[in-house]
Amino acid sequence: YIEILDHSNNLTKIIKKNSLVLLVISNSLEGLKIYSSLIYNNTTTIIIDESLGKKYVFDLIKKYKVNYLFIPKKLINLSEEKNILNESGDYFFISKNKFNHKINKKNLVLLPTSGTTANPKFVRLSENNLAFNSKKIIGALSISKNEVAYTSLPSGFSFGLSIVNTHLSIGAKIFVSKSSIVEKKFWDNLSKYKITSLYGVPSMFKFICISKLYNKIPNNVKYFAQAGGKLDNEIIEELIIFSKKKNKKFYVMYGQTEASPRISSFNIMNNLKKKYSVGKPFKQTNIELIETKKLRGFKDKEIVFFGKNVCLGYSKKLEDLKKGDVNLGKLYTGDVGYKDEDGFYYITGRVKRFAKIHGLRIDLDDVENFLKNKKIIS
C-alpha cells in the first residue's frame, strides 16, 4: 500500500492535468499498482485487458488521442517505440499525444462493455460510482481486511476489477497470479497463500463441477461468489451440495458493467428456497419492473435499476468525454425478470431474446431450454 502511494505521487509529477491515460491491464503486481495509483490520483483512465491485443490498443490511442500509455512489455516492439518515459516491472510507461483534452472530470474510469467489438463502446464510471458500489459489495459479502482474494478473473473487465476495488478499499490482501483453473498451480496456490474466497463466471464454475475440481478447494476458502451470467440450475444444485458439506457460503451476484458493476448479491445458503434467485438489490438502491413496448403481453418485465452506482453514460468517441452524468442514476438493464412475493428477483432472459413472429409472442430462451431438455443442441 505504501508503494502504491509513492507510485501515485511520482505519477502526479509526470502526468499533466486533464490528460487521458490508457492502461492495458494485466494480472501482475505492476499492472494493479499502476491502476491503483491512477485511480488514487483521479486520472481519467481507459482500462482494457491485455488479452484484447496490440492492434486494439493502437486503434484506441488514435481514436481517443491518448496522452499516456501503460502497457505490458511483451506487447511493445522496442524498435518502433521512441517515447518510453519509464519502465517498471513488466510494464512500459509511454508518452503518446500532446493533445489538450477537455474532459469532464467526473469521468474517472472507462471500461469496455461486454459486447466489445472493433468499434468499442465504453462505460463511463465516476469515483462515486465505484466507491458506492465497493461499499455495498463489502457489506453484502462481509469482506474484512483479513481477506485474501485471488485474481481468478481478468482485471480488464468489470467483475475482475471490482474484486480489486473492494479488497484495496478495505485494506485486504490480493494474491496476484495469471494462472487459470486448468493449471495445477492455481489449486496449489489456494492452500499455499490461504486464499479466503473464490470468484468466478458461469463457465468457470461449470468446469469446476464437471471435472469435480471442487474437491481440491481447501478449508481456508470461506465462500464462492459467482457473477457474469446465469448459472445452470444443475450446477447451482451441485455447488449447494458441496457448500453444505464443507460449510461454505455461496453467493450469486447480479450486475452489469453499467452498474459499477453489482446490483445485488445473495448468499443462497441462507435461503435455499430462493436458490434460483439473484436476491434483492443493495440497500439505498431500487429495482422497478417495467413493461416496455417489446414485452407487451409477456408475463415478465424489463428490470430497471436505480442507484448511485449507475454509470454516467457511454463513450463511443472522444467528444463523449466532455459529458457528465447522463443517466442520473437510472439504468435500463435489458434483462427480463420478475419479483416473488418475498421481494426476491429472478432473471428469465434478455429483452432482445423476445420476438413476435406471425403475431405469436416467442420467448427464445424458453424455446432453447425446451430443446435443451429434449437433448437437442441449438
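What follows is a short tour of helix contacts, nonpolar cores and a few backbone details.

Before we start, keep in mind that this is a predicted model.

**Stop one: helices H1 and H2**

How do the two axes cross? Now show the side chains where they meet: Glu 3, Ile 4, Leu 5, His 7, Ser 8 and Leu 11 lie on the H1 side, and Glu 30, Lys 33, Ile 34, Ser 36, Ser 37, Leu 38 and Tyr 40 on the H2 side. Colour them by class and you will find six nonpolar, four polar and three charged residues.

**Stop two: Ile 4**

Stay in helix H1 and pick out Ile 4. Is Ile 4 buried or exposed? Its relative accessibility is 16%, so Ile 4 counts as buried. Leaving out residues up to four places away in sequence, Ile 4 touches Lys 33, Ser 36, Ser 37 and Leu 168. For a sense of scale, draw a distance from the C-alpha atom of Ile 4 to that of Val 326: they are 322 residues apart along the chain and separated by 32 Å.

**Stop three: helices H2 and H5**

The contact is made by Leu 32, Tyr 35 and Ser 36 from H2, together with Leu 161, Val 164, Asn 165 and Leu 168 from H5. Five of these residues are nonpolar, two are polar and none is charged.

In soluble globular proteins, nonpolar side chains tend to be buried together. To look at this here, select Phe 186, Trp 187, Leu 190, Leu 198, Ile 208, Ile 217 and Phe 250; these touch the most other members of the largest nonpolar core, which has 41 residues. Among the elements that give two or more residues to this core are helix H6 (184-192), helix H7 (202-210) and strand S12 (249-255). Which element gives the largest share? That is H8, with five residues.

Zoom in on Leu 190. Apart from neighbours within four places in sequence, Leu 190 is in contact with Tyr 150, Ile 195, Leu 198, Pro 218, Asn 220 and Val 221. There is also a second, separate core of 24 residues, and it includes Leu 11, Val 21, Leu 23 and Phe 70.

**Stop five: backbone details**

Most residues other than glycine have a negative phi, and most peptide bonds are trans.

- Lys 194 sits in the loop between H6 and strand S10 (197-200). Its phi is positive, near 50°, and at 53% relative accessibility Lys 194 counts as exposed.
- Lys 375 lies in the segment after helix H9 (364-373). Its phi is also positive, near 65°, and Lys 375 is exposed, with a relative accessible area of 73%.
- Pro 261 is in the loop between S12 and S13. The peptide bond from Ser 260 to Pro 261 is cis, with omega near 0°.

Definitions and conventions: Residues are numbered from 1 along each chain as its sequence is written. This is a predicted model: local features need pLDDT of at least 70, side-chain atom pairs count only at pLDDT 80 or more; totals for chains, interfaces and linings use all residues. Side-chain values use heavy atoms; hydrogens and water are left out. Contact means heavy atoms within 4.5 Å. Helices (H or I, at least four residues) and strands (E, at least two) are DSSP runs, numbered from the N terminus. Ala, Val, Leu, Ile, Met, Phe, Trp, Tyr, Cys and Pro count as nonpolar, Asp, Glu, Lys and Arg as charged, and the others, Gly among them, as polar. A nonpolar core is a set of buried Ala, Val, Leu, Ile, Met, Phe, Trp, Tyr and Cys residues joined through side-chain atoms within 4.5 Å. Buried means under 20% relative accessible area, exposed over 50%, partly exposed in between (1.4 Å probe, protein chains only).
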